[in-house]
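Please have the sequence and the coordinates open while I talk.

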Amino acid sequence: MAITRRQLFTGIAKAGVPAAVAVTVGTDALLAGEPIPVPSAAVGLLYDASICIGCKACVAACAEANDTPPDTRGDELHQAPNDLNDLTRNVIKLYKPEDGSAFSFVKRQCMHCLDPACAAGCPFQALHKDPESGVVSWTAEKCIGCRYCTITCPYHIPRFQWMGFNPRVTKCELCSHRLEKGLKPGCTSVCPTGAVIFGPRSVLLLDAKQRIKNNPGRYYQNRVYGEIDNGGTQALYLSKVPFEKLGLPELGPESVPARTLRWQRRFYQYFALPALLYAGLVQVIRKSLKGHEQEAHEREKETGLRAQL
Amino acid sequence: MPTGERETIGTHLKESGVSRRSFLQLCSKIIIAAPIGLSLTRRATAAQVARIVGKARRPSVIWLHFQDCTGCTETLLRTSAPDVAHLILDVISLDYHETLMAASGAQAEAALRSAIEENAGKYVLVVEGSIPTRDDGVYMELGSRPAIQVVKEVAGQAAAVIAIGSCASWGGVPSADPNPTGAVGVDSVISGKPIINLPGCPPNPYNLLAVVLEYATMGRLPELDEFHRPRFAYDRVIHENCPRRAHFDAGRFAAAFGDEGHRKGWCLYKLGCKGPVTHAACATRHFNELPGVWPIGTGVPCVGCTEKGVVWQMSTVETVPIHLATPPDTYPPIYSTAGQLKVGAGALVGAIAGAVGGAAWVASQRFQSSTEAGVVRVAADIAHAEKLKAKPASKAVAHSDDRKED
Amino acid sequence: MSTGTTSSAAMDHARTSNRWERNVPVYGFPVVNGFFLGLAVLVLVALALSLYRELAGLGPVSGMNDAYGWGIWKTFNLMVLTALGSGAFAVGIAAWVFRSKRMHSLMRMALLTSFLAYACGLLLLGIDAGRPWNFYWIVFPWRWNMHSPLAEVAICMSIYAMIPLAVENIPPILERLWYFDSRLRPGVESIEKRLHYFFPWIIAAAYLLPGMHQSSLGALMLLAGERVHPLWQTPWLPVLYLGAATFMSFGCVAGTTMLCCLVWKRAMDMEVLDEAARITSWLIFGWLGLRLLDILFRGAAGTALHFDRFAGVFWLEVLLVSIGGWLLYRASRSSSPQPMFIGYILSSAGGMIYRFSPTTLAFRPNPEALYFPATIEVLVSLGFISLGIVGFLIAVKRLAILPAPLSEWHDMASYFRFRRPYIRWTGYFKYGHFGENETETETSGSD
């Protein structure tokens with residue numbers, strides 16, 4: 001009772017394809033163009049690179065606020081991390097072009113994206129965005145140390161602890177333990193020039209736009225990085241030099257997960273397509289198996305040897 | 001003031017009864033005042049400096065006051081050890097100084113004239129105070145002659161002009177807005193003579209002493225920057241050498257006068273310290289020969305008294321931007337290096353890849369022959385089996401259990 | 001029939017009787033030989049180094065760093081070798097969904113290689129994970145992040161390896177038990193009956209699940225966005241990964257079978273191999289077409305002409321795969337094993353480089369960073385591959401996996417009978433060997 005290939009395909013097409021298409025296309029899970037919801041009490045940072053003096057007080061304050069030992073692994077003496085790492089949640093870097101044109105410092109820490117790629121990729125939700133404050137935090141109890149977050153984050157922020165048998169993933173969590181007590185994050189508490197400030201995201205956005213209005217031509221493209229970049233982030237940046245030079249990539253208005261996982265999400269929506277495929281496969285294989293077993297039994301009779309199914 | 005034949009400094013000091021010990025102490029203070037940038041002080045020990053200074057002729061100095069507060073003179077005298085003040089005055093020959101000399105009136109004018117005549121072309125003119133230029137300079141007259149005229153006349157015969165204090169250097173207090181007298185520094189009025197500015201309000205007296213002695217001993221003036229300030233004292237900003245810099249770097253700031261941070265001696269930047277934009281040597285050479293006797297040392301933010309655009313232009317509580325023209329390279333770059341290719345691992349991977357590739361190649365070569373071999377073997381087996389079939393009681397059936405023969 | 005030299009008629013007969021009609025264990029070759037011992041040493045070294053990794057962390061044992069968080073354990077042993085080990089999926093679909101009778105001969109080889117590739121890959125995944133004690137969350141579906149491709153891969157692969165793949169590999173073991181001890185036969189036969197009842201569901205899962213996770217392996221690098229070079233980064237990445245898995249696994253299964261026949265002097269059924277090569281070549285052409293058209297339509301074709309290492313890797317991949325595919329096509333026409341084998345090697349190598357590139361060779365997180373595996377990392381990876389090969393060697397010599405002509409079965413039976421007589425006159429123990437007591441139920445009672 002062999003089914004021909006033609007019958008196979010027609011069967012699937014008649015039943016499955018319309019249903020599958022309907023389910024796939026009709027879904028509205030984070031489709032393009034939909035604005036990403038901003039958490040109700042979203043807080044964030046506004047960092048103005050043009051007033052940062054590179055004093056690195058925020059680097060020291062961050063380590064102190066988070067009870068992290070200073071990272072002296074560079075020269076065994078000074079707390080001078082070369083980049084974010086398992087002991088450094090916040091770092092000041094310098095963009096200094098060879099030709100002597102304008103230089104700029106940049107403060108790098110977690111951007112607390114509105115649709116974080118790290119949380120989208122984390123298999124067991126160890127990285128989780130708080131629905132109210134929007135702070136993206138890491139939970140040790142759920143993490144399996146797969147380091148996928150270090151790959152998905154477009155800003156390359158989460159860092160894995162490579163030494164020791166109990167590694168953790170380190171990144172800025174906006175000093176949520178201080179926020180609970182009504183204090184501000186460590187970095188913003190010590191900045192001498194007010195280059196980085198803390199506050200509700202909406203207020204910071206207004207402040208940033210006011211600065212742009214008051215100083216036309218001072219800031220790159222007269223815009224705030226993070227307003228819509230990567231779908232919006234809660235750490236906002238103003239800069240004199242191009243954002244890309246500071247290591248902030250131009251990602252466009254769509255968040256990384258929405259842009260790249262669109263078809264994945266549609267395909268697996270409600271598990272409809274896979275389930276359909278499975279049902280079809282079972283039918284096909286049932287018929288196949290019947291035919292195969294019949295042939296095998298015939299051969300068994302012919303050769304006298306036990307069938308190998 | 002004794003004039004006439006110039007004796008050497010060493011002789012004069014001995015005659016004045018100054019001990020050699022005091023002289024050596026003075027020389028070591030000069031070294032501290034000007035550790036680099038002066039050929040005079042590029043010696044290893046105070047004794048070497050003393051030898052050179054001792055041999056030099058006492059330089060003649062004429063000191064003029066204009067729109068001043070006499071603070072620069074006071075700084076020369078206000079030392080904690082009175083001997084040192086006298087020492088300074090014994091090393092240089094101060095031939096005319098209105099504050100310090102006994103004469104006045106017509107006697108003073110005569111003294112000036114004779115001082116100029118006797119040392120023409122050899123004396124160092126020190127100017128204290130700014131010079132008014134508005135309305136033909138009537139706002140300051142010396143013996144009924146406008147300051148401009150006086151300074152041009154006296155500078156005309158001088159070997160070098162030292163403008164001591166901010167007022168003489170660029171106008172100072174009198175030049176603060178609205179500058180009603182048109183006060184300017186000496187270098188706006190004099191040209192054609194080497195001018196050295198020693199701004200400060202007041203400046204450090206050892207800066208003056210070092211410059212004068214360099215001229216007296218070496219016959220040349222120290223290296224100057226674009227504002228005619230000697231580099232040995234004015235090439236760095238206070239911020240670079242500030243003893244409280246560590247607090248600045250660590251983010252410890254005094255937020256208000258008298259608060260805990262202020263009491264602990266933390267950085268005064270947030271209180272408006274102009275250290276980052278003020279070129280002066282006060283951070284390392286304090287005043288009155290006492291350590292810690294300088295504004296920041298006593299808990300007062302620097303007001304930038306040497307800088308024309310800072311003091312009396314900016315509010316004392318206004319914080320200054322701290323952008324150095326070229327930041328040092330001790331900051332991490334935007335992209336840092338990671339990972340390295342180790343030779344051992346590379347060799348291992350290469351060896352494995354080579355081994356696998358080689359094995360695959362060898363295997364592929366054997367295929368042609370083996371197929372035939374396989375075919376031949378099967379054919380031989382079939383032949384053998386058929387041969388066995390031909391024989392009746394074959395050895396193949398040695399066991400009692402029944403089994404179909406192939 | 002002549003008893004001496006083989007006549008040409010016999011040769012012709014031999015050629016046709018090369019038909020692989022049965023799976024026969026490899027006999028006459030000891031399991032433990034020099035090669036096996038060498039592999040065993042590698043396995044032990046890898047296990048010891050894995051213990052060191054558990055204690056010291058991932059940094060001291062690998063070349064992974066902040067920029068390249070994934071090393072060859074994930075990107076090679078998992079992503080590449082499980083693609084080679086998708087034989088159960090690709091050959092299975094050809095055999096069961098498209099009803100290719102000839103592909104059934106390769107099924108057991110496919111299942112075995114798949115199982116070993118997945119088992120070793122998943123074991124190494126357990127060692128690569130930084131905090132493996134939290135793996136238990138996999139049992140709680142409400143903890144899964146269904147948006148994450150990595151969750152999909154981990155869950156799907158584990159379920160696949162533990163259930164459908166394992167279950168499909170049970171029949172050869174049951175078969176051996178049936179022959180080995182006749183007292184077990186009733187039990188074995190009842191288990192087999194129950195298995196056969198569930199087979200449609202299990203086999204269907206064995207095609208759905210790999211389809212899902214092999215494509216999700218491709219989706220993993222979608223989230224990396226522009227950091228993957230445009231010659232590789234595409235929304236079609238999951239489909240291309242799945243396609244690469246299909247032709248690579250054909251290469252692994254058919255190529256391994258050919259290699260085994262070479263090493264253990266078996267006859268090769270060129271009809272089966274021709275069909276396999278033909279299927280593989282069409283898979284390759286389809287995949288290449290999709291890949292190149294996608295690059296063209298995305299406008300990334302220009303980057304292929306730059307003089308940098310990315311273009312170099314790309315062209316290497318394309319060349320290997322296309323030459324391999326062409327060789328396979330020609331070999332399938334002319335039934336010649338040598339170009340066929342070389343074709344499999346080249347196309348699998350090209351496919352391996354393709355699956356490896358987006359995670360490592362074409363991944364540029366940071367212009368200043370680089371990744372190269374450390375020595376320990378390479379040794380552990382090699383050790384786990386050796387573990388798979390060791391398992392393969394044992395399985396292929398103890399179970400009926402390798403396809404062979406019918407005559408081979410009878411040869412094996414005689415071999416065992418003459419070389420390895422067993423105690424049967426006690427009447428108590430009834431240990432047998434393959435090929436024995438075939439039709440005991442039909443005979444009139446042997447002791």
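Let me begin with a pairing in chain A, where strand S1, residues 43–48, runs parallel to S9(A), the two being joined over four bridges. Within that pairing, Leu45(A) is found opposite Ala235(A) of S9(A). Please keep in mind throughout that this is a predicted model.

The pairing belongs to an open sheet of three strands in chain A, ordered S8-S1-S9, with mixed pairing. Because strand S8 (196–200) and strand S9 (235–238) of chain A each have a single partner strand, they stand at the edges, and one side of each is left without a neighbour in the sheet. From one strand to the next, the twist averages 20°.

Stepping back to chain A as a whole, we count 10 helices and nine strands, and of its 309 residues 45% are buried. If we take the contacts in chain A between residues at least 6 apart in sequence, 63% of them join residues at least 24 apart. The domain assignment divides chain A into domain 1, which comprises 5–31 + 264–303, and domain 2, which covers 43–253; the C-alpha centres of these two domains lie 48 Å apart.

Now to the contacts between chains. Where chain A meets chain C, 54 residues come from chain A and 53 residues from chain C. On the chain A side, H10(A) gives the most, with 11 residues, and by class that side has 31 nonpolar, 14 polar and nine charged residues. The contact between chains A and B takes 20 residues from chain A and 17 residues from chain B, and on the side of chain B that touches chain A we find 11 nonpolar, three polar and three charged residues.

How many of the residues of helix H5 (residues 87–97) of chain C are buried? The count is 10 of 11, so that this helix is mostly covered, and among the buried ones are Phe89(C), Val91(C) and Trp96(C). After H5(C) comes Arg99(C), which has a positive phi, near 55°.

Let me turn to Met109(C), which lies in helix H6 (residues 107–128) of chain C. Why do we call Met109(C) buried? Because 24 other C-beta atoms lie within 10 Å of its own, where 20 or more are required. Leaving aside neighbours within four places in sequence, Met109(C) is in contact with residues including Val253(C), Thr256(C) and Ile401(C). Met109(C) and Phe392(C), although 283 residues apart in sequence, are 9.5 Å apart in space, C-alpha to C-alpha.

Finally, the largest nonpolar core has 327 residues, and those that touch the most other members include Leu125(B), Val161(B) and Val91(C). Helix H10 (residues 237–263) of chain C gives this core its largest share, 16 residues. As for Leu125(B), its contacts beyond four places in sequence include Ile62(B), Leu64(B), Val154(B) and Val161(B). With Val91(C), we come back to H5(C), where that residue is one of those buried.

Key:
Residues are numbered from 1 along each chain as its sequence is written. Chains are lettered from A and ligands numbered from 1 in the order in which they are written. This is a predicted model: local features need pLDDT of at least 70, side-chain atom pairs count only at pLDDT 80 or more; totals for chains, interfaces and linings use all residues. Two strands pair if DSSP finds at least two bridges between them. Axes are lines fitted to C-alpha atoms, for helices over the stretch in contact, and angles run from 0 to 180 degrees between N-to-C directions. Two residues are in contact if their C-beta atoms, placed from the backbone, lie within 7 Å. Ala, Val, Leu, Ile, Met, Phe, Trp, Tyr, Cys and Pro count as nonpolar, Asp, Glu, Lys and Arg as charged, and the others, Gly among them, as polar. A residue is buried if 20 or more other C-beta atoms lie within 10 Å of its own, exposed if 12 or fewer, and partly exposed in between; C-beta atoms are placed from the backbone. Domain bounds come from an automatic or database domain assignment. A nonpolar core is a set of buried Ala, Val, Leu, Ile, Met, Phe, Trp, Tyr and Cys residues joined through C-beta atoms within 7 Å.
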